[in-house]
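Hello,

Below is the structure I said I would pass on. My notes on it follow.

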Amino acid sequence: MVKDHALIYSFLHEYFQEKNLQRKILARRRFLRLLWRLKTHFDWEELLLFPHLKEKNSKDIKQLINEHQEIKQLLKVINDKTENDDFSTEKEEKELEKLLKRHSEFEDKKLYPKLDKKLNEKEKKKLIEEMISQIATDY
Ligand SMILES: [Fe+2]
Ligand SMILES: [Fe+2]
């Protein structure tokens with residue numbers, strides 16, 4: 001999952017890169033790739049990972065789910081605008097980048113290490129298999 005965060009950042013920066021070069025069609029493609037990836041990532045976390053932690057860290061989990069909603073809201077605004085060729089989305093993008101950074105750092109430093117301790121090897125293997133099968137059903 002830490003690796004997936006790095007991938008999400010790289011998708012976000014590739015979008016910024018195309019946007020800065022004013023290659024709008026490519027920028028839209030990069031944006032849609034980011035959107036899809038984040039959606040899958042949040043689904044994994046909410047459906048497969050968080051339920052393992054809920055009883056012990058419910059306040060943290062609630063906060064993370066709220067942040068997912070905030071991030072999705074920002075993505076929606078950017079999507080609606082850029083879909084209509086309006087790329088004046090700097091304010092939302094800055095906010096998105098800031099929020100994503102804070103959110104993923106919290107998960108990397110606090111949440112995933114807890115999960116790592118809590119689950120045994122068999123449970124981890126099962127979780128990974130569930131994630132892979134979810135990707136398969138997404139296509
Ligand atoms: Fe998350
Ligand atoms: Fe995450």
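The buried residues of α2 (24–49) are covered by elements including α1 (2–20), α3 (58–83) and α4 (90–118). Those buried residues are A27, R30, F31, L34, L38 and L49; buried means that 20 or more other C-beta atoms lie within 10 Å of the residue's own, exposed 12 or fewer, partly exposed in between, with C-beta atoms placed from the backbone. In α3, the buried residues are L64, L74 and I78, and their cover includes α2 and α4.

This is a predicted model, in which local features need pLDDT of at least 70 and side-chain atom pairs count only at pLDDT 80 or more, while totals for chains, interfaces and linings use all residues. Residues are numbered from 1 along each chain as its sequence is written, and chains are lettered from A and ligands numbered from 1 in the order in which they are written.

The chain has 5 helices and 0 strands, taken as DSSP runs numbered from the N terminus (helices H or I, at least four residues; strands E, at least two).

After α3 comes D85, with a positive phi near 65°.

Of the chain's 139 residues, 12% count as buried. The C-alpha trace spans about 50 × 30 × 20 Å along its principal axes.

Regards

How values were computed: Contact = placed C-beta atoms within 7 Å.
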